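Have a look at the picture first, then read on.

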Amino acid sequence: EDKHFYRVWTAEAELTAQVTGKFIHESRRDHSVLPKVGDWVAIKLVPNEEKAMIQAILPRRTRISRKMTGRDAAEQILATNIETVCLVTAADPSFNAARLERMLVMAHDSGARPVVILNKIDLCDDLDAKLAEAARVAGDVLVLAVCALTGRGVKKLAALIQSGDTVVFIGTSGVGKSSLINRL
């Protein structure tokens, strides 16, 4: 997504697509009407160009969202049609149980399956205590201890991801989301 332009994939190609004026008009009242990462859309190809117009968004099965900064009730959709949301937190001194709780609320509200990923276990002095705290906060949600740097525990994470599933990794900056994805 780049303003009102999007990268879309079809069975034949990757295209640049633009939303119609109707979408832009409706988005002034409600930003959630615009396409988001993970949306399935109906497009109309622009003849003789590798471009398309987005005509409609198909119904969303799940969606991860948060309140927009500075607005009371406005929703910011982060991603849609997700099967699994990996909540990544670090096992280092930056671990914060309250932050993990907030991420769990967002994940439960999304309709996707949450999984807590305790990353950077190589930097943890007392892994058992961190795992116990994460498990206490997570309740029935699976908690995995991993290390993107060494690969420890990553096979268990990989086994959770099924072919055809859409998975997102969320967490604060510096917890190792990109490193985990690259390791996978």
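This is a predicted model: local features need pLDDT of at least 70, side-chain atom pairs count only at pLDDT 80 or more; totals for chains, interfaces and linings use all residues.

Residues are numbered from 1 along each chain as its sequence is written, and side-chain values use heavy atoms, with hydrogens and water left out.

Strands (E, at least two residues) and helices (H or I, at least four) are DSSP runs, numbered from the N terminus. Two strands pair if DSSP finds at least two bridges between them. The open sheet here has four strands in the order 9-8-7-10, with parallel pairing. Strand 9 (142–145) and strand 10 (167–170) sit at the edges with a single partner strand each, so one side of each is left without a neighbour in the sheet. Strand 7 (residues 84–90) and strand 8 (residues 113–119) are joined by seven bridges, and threonine 89 stands opposite leucine 118 in strand 8.

Angles run from 0 to 180 degrees between N-to-C directions, using axes fitted to C-alpha atoms, for helices over the stretch in contact.

| Helix | Touches | Angle |
|---|---|---|
| Helix 2 (residues 97–110) | strand 7, strand 8, strand 10 | about 175° with strand 7 |
| Helix 3 (residues 127–138) | strand 8, strand 9 | about 160° with strand 9 |

Now zoom in on helix 2. Its buried residues (under 20% relative accessible area, 1.4 Å probe, protein chains only) include Leu100, Met103 and Leu104.

Methods. Contact means heavy atoms within 4.5 Å. Buried means under 20% relative accessible area, exposed over 50%, partly exposed in between (1.4 Å probe, protein chains only).
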